[in-house]
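User: I am new to reading protein models. Could you walk me through this one, feature by feature?

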Amino acid sequence: MTNTWTNRTIIKRYFSGMIDLECDLIEQDAERANKYRHEKTVFVQEIRRVLDEFCKQLTPELKDMYVSKYKENKPFTEFYNVVAPTGYIMALNKELNALTSKIERPKERLYA
């Protein structure tokens, strides 16, 4: 079984708060380090850094929209022309996917 980090998986984990939990766990258990853990630590911290920068440009309503979308599975159509114009939300989604695509993933490996 491999751990596949798709853009959707990364974005969903970030906006549902899982990335923050992973960062906290990494900080609490820093002494148990190995090559693979180091790769994941760098990866998770990079996700947090990149997406935190993205969220700085968002209004609170837009950030709440992303949390609702990825934590509660609400469709974007509920937010079109309510939170922001449809075209603006679509442009933000495109930018978010482009940023997420640029994050270097850890090498896939098989687990026994």
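This is a predicted model: local features need pLDDT of at least 70, side-chain atom pairs count only at pLDDT 80 or more; totals for chains, interfaces and linings use all residues.

User: Let us begin with the layout. How many helices and strands are in the protein chain?

Analyst: The protein chain has five helices and zero strands. Reading from the N terminus, the order of elements is α-α-α-α-α. Along its principal axes, the C-alpha trace spans about 50 × 25 × 25 Å.

User: What share of the residues counts as buried?

Analyst: Of the chain's 112 residues, 32% count as buried.

User: Now to packing. What describes two packed helices?

Analyst: The general idea is that a packed pair is described by the angle between the helix axes and the distance between those axes. Take α4, residues 60-72, and α5, residues 86-102: they pack at an angle of about 65°, and their axes are 13 Å apart. The two helices are therefore roughly perpendicular to each other. The crossing of α4 past α5 is right-handed.

User: Which residues of α4 and α5 make the contact?

Analyst: On the α4 side they are Leu62, Met65 and Tyr66, while α5 brings Tyr88, Ile89, Leu92, Asn93 and Leu96. Sorted by class, this contact of α4 with α5 has seven nonpolar residues, one polar residue and no charged residues.

User: At what angle do the axes of α1 and α5 cross?

Analyst: They cross at roughly 105°, and the axes come within 9 Å. That angle makes α1 roughly perpendicular to α5. Here Asn7, Ile10, Ile11 and Phe15 in α1 meet Leu96, Asn97, Thr100 and Ser101 in α5. The contact of α1 with α5 divides into four nonpolar, four polar and no charged residues.

User: Which residues touch the most other members of the largest nonpolar core?

Analyst: Those are Phe15, Ile47 and Tyr66, in a core of 27 residues. At least two core residues come from each of α1 (7-15), α2 (18-28), α3 (35-56), α4 and α5. The largest share is that of α3, with seven residues.

User: Let me zoom in on one of them. What does Ile47 touch?

Analyst: Setting aside residues up to four places away in sequence, Ile47 touches Trp5, Ile10, Tyr14, Ile19 and Ile103.

User: And Ser68: is this residue buried or exposed?

Analyst: A residue is called buried when its relative accessible area is under 20%. Ser68 has 12%, so Ser68 is buried. You will find Ser68 in helix α4. Apart from neighbours within four places in sequence, Ser68 is in contact with Asn73, Lys74 and Phe79.

User: Asn73 has come up now. What is its phi?

Analyst: Asn73 has a positive phi of about 60°, although Asn73 is not a glycine. Asn73 lies in the loop between α4 and α5. Asn81 is also found in the loop between α4 and α5, and its phi is near 60°, again a positive value in a residue other than glycine.

User: Why does Asn81 count as exposed?

Analyst: The word exposed applies over 50% relative accessible area. Asn81 counts as exposed because its relative accessibility is 59%.

Key
Residues are numbered from 1 along each chain as its sequence is written. Side-chain values use heavy atoms; hydrogens and water are left out. Axes are lines fitted to C-alpha atoms, for helices over the stretch in contact, and angles run from 0 to 180 degrees between N-to-C directions. Helices (H or I, at least four residues) and strands (E, at least two) are DSSP runs, numbered from the N terminus. Angles under 35 degrees count as roughly parallel, over 145 as roughly antiparallel, 65 to 115 as roughly perpendicular and the rest as oblique. A crossing is left-handed if the near helix is turned anticlockwise from the far one by less than a right angle, and right-handed if clockwise. Contact means heavy atoms within 4.5 Å. Ala, Val, Leu, Ile, Met, Phe, Trp, Tyr, Cys and Pro count as nonpolar, Asp, Glu, Lys and Arg as charged, and the others, Gly among them, as polar. A nonpolar core is a set of buried Ala, Val, Leu, Ile, Met, Phe, Trp, Tyr and Cys residues joined through side-chain atoms within 4.5 Å. Buried means under 20% relative accessible area, exposed over 50%, partly exposed in between (1.4 Å probe, protein chains only).
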